[in-house]
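User: I am new to this structure and would like to learn how to read it. Please take me through its main features.

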Amino acid sequence: MTLMEDAKKGLITPEIKSVAEVEGIDADTVRSCVAKGLVTIPRNIKGKSRAFGIGKYMSVKINANIGTSRDFVDIDDEVEKAKVAVEYGADTIMDLSTGGDLDLIRARIMDAVDVPIGTVPIYQAAASHKTVVDMTSDDMFNAVRKHAEDGVDFVTVHAGVNYNAIERLKNSDRITNMVSRGGSFTFAWMIHNEQENPFYAEYDYLVEIAKEYDLTLSLGDGMRPGCIHDASDGPKFMEFITLGELVSKARKSDVQTFVEGPGHVPLNEVELSVRAMKELCHEAPLYLLGPLVTDIAPGFDHITGAIGGTLAGMCGADFLCMTTPAEHLALPTADDIREGATVTRIAAHAADLTRDGQKERARAVDERMAVARAELDWDTQYKTAIDTERARTIRENRYTGSDACSMCGELCAMKIVKSALEESRQKDN
């Protein structure tokens, strides 16, 4: 049986129990949410990953995208990126490799980390052909089955890219048209072959494969906006409606899902996007790339994504796909991955400070830091910091001998006020 089937029968499985303990949530609450599709725990029956809960009452989770390109194929480098991502806070890894031996790359990455692994099987379906339009529908479904058999925990499928969405795109005034790579593969295949998207037309078969392996379907955002101009337009919202229908079908078959979302969105439209997706997709866990809140910051898009991700998490997004300083520019390095993971962890924690089920626990962490700062307890500050190593290095490289920081030294506001308060108490006594 799938995890959702067990949950619907009232069973508290080891995965549900583990998630409840990690999140500080009652196990039956987690079970109920899994049964309703409000929480997803991506874990293939053939996989070895730890159980992570994504969705209602859960802390905001982080995904890191890694993988080769056809220009750069270095498996050891991608394995290192996976390890760095997990070390610095990523809860899941997506292997987006398009160059080299994709089976070997996937296997190496899965052996290197114990977090849930996601993939985009259509990349492999297209890999053995000269052009993406030459692959067949059998290639697409066989790739999904192959990845499931290998133990992948979740797969992105752009099942919402259908004829209806394409017509919306053709009649839109978009600047960037379609920026989803898997979505573009699907779009080009449909136009060339004059056929409906197989993942949409034969969605029941896709769900059947997923159920066999308890494979989570990440319903991809093929129509996500690729620039601020394109945010909140017809193609995006049309896809939301379709994805909501696909979520309902999967739930009826006891298959877990989450839904992917935009993209590039100005701050004043982030809440609209999140709440619309949640409503139209029946409160399914929401997985966002960013969203990036401006188009003009190449080299700093880990920051533009973190700004949008914080607001999105506060409004109900559950899962943030981190961006790195290399976004829009190049294949990221391990250092880029570290930077992106750290900044996105900050965004996720900032959102957790506002979320039902998590804000008390999150605020307790901030309070621990506040007390340590008030007491000039540097060891506790380092341990509590998002990046212990960086905090320690910055202070110790500029250490002047004062027990305060070198910005203030003996003019430290907290030292001065603490001393004044002690003097006041002595006078009162």
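User: What should I know before starting?

Analyst: This is a predicted model, in which local features need pLDDT of at least 70 and side-chain atom pairs count only at pLDDT 80 or more, while totals for chains, interfaces and linings use all residues. Residues are numbered from 1 along each chain as its sequence is written, and side-chain values use heavy atoms, with hydrogens and water left out.

User: Into which domains is the chain divided?

Analyst: Domain bounds come from an automatic or database domain assignment. Here they give domain 1 (43–356) and domain 2 (398–428). The centres of domain 1 and domain 2, taken over C-alpha atoms, are 49 Å apart.

User: Is strand 3 largely enclosed or open?

Analyst: Helices (H or I, at least four residues) and strands (E, at least two) are DSSP runs, numbered from the N terminus. Buried means under 20% relative accessible area, exposed over 50%, and partly exposed in between (1.4 Å probe, protein chains only). Strand 3 (residues 61–66) has five of its six residues buried, so it is largely enclosed by the rest of the structure.

User: With which strands does strand 3 pair?

Analyst: Two strands pair if DSSP finds at least two bridges between them. Strand 3 is joined to strand 10 (residues 319–321) by three bridges, and the two run parallel; Lys 61 stands opposite Phe 319 there. Four bridges join strand 3 to strand 4 (residues 92–95), also in the parallel sense, with Ala 64 opposite Ile 93. Between strand 3 and strand 4 the chain passes through helix 4 (residues 75–87), a right-handed β-α-β crossover. Right-handed means that, with the strands pointing away from the viewer, the path from the first strand over the helix to the second runs clockwise.

User: Which residues lie nearest the centre of the largest pocket?

Analyst: On a 1 Å grid over the protein atoms alone, a pocket is an open set of points with protein on both sides within 12 Å along at least five of seven lines; a cavity is a set where a 1.4 Å probe fits but cannot get out, and lining residues have an atom within 4 Å of a point. Grid points are joined across faces, edges and corners, and a volume is the space filled by probe spheres set on the points. The largest pocket holds about 1,400 Å³. Of its 47 lining residues, Arg 345, Thr 384, Ala 385, Ile 386 and Asp 387 lie nearest the centre. Helix 15 (334–352) gives the most to this lining, with 10 residues. Domain 1 and domain 2 each give at least three residues to the lining of the largest pocket.

User: How many cavities does a search of the whole structure find?

Analyst: The search finds four cavities of 30 Å³ or more. The largest cavity has about 60 Å³ of space, and its lining includes Asp 95, Leu 96 and His 147. The second largest cavity has about 50 Å³. Helix 14 supplies four residues, the largest share of the lining of the second largest cavity.

User: Where is Asp 301, and is that residue buried or exposed?

Analyst: Asp 301 is in helix 14 (residues 301–315). Asp 301 is buried, with a relative accessible area of 2%. Asp 214 is 87 residues from Asp 301 along the chain, and their C-alpha atoms are separated by 34 Å.
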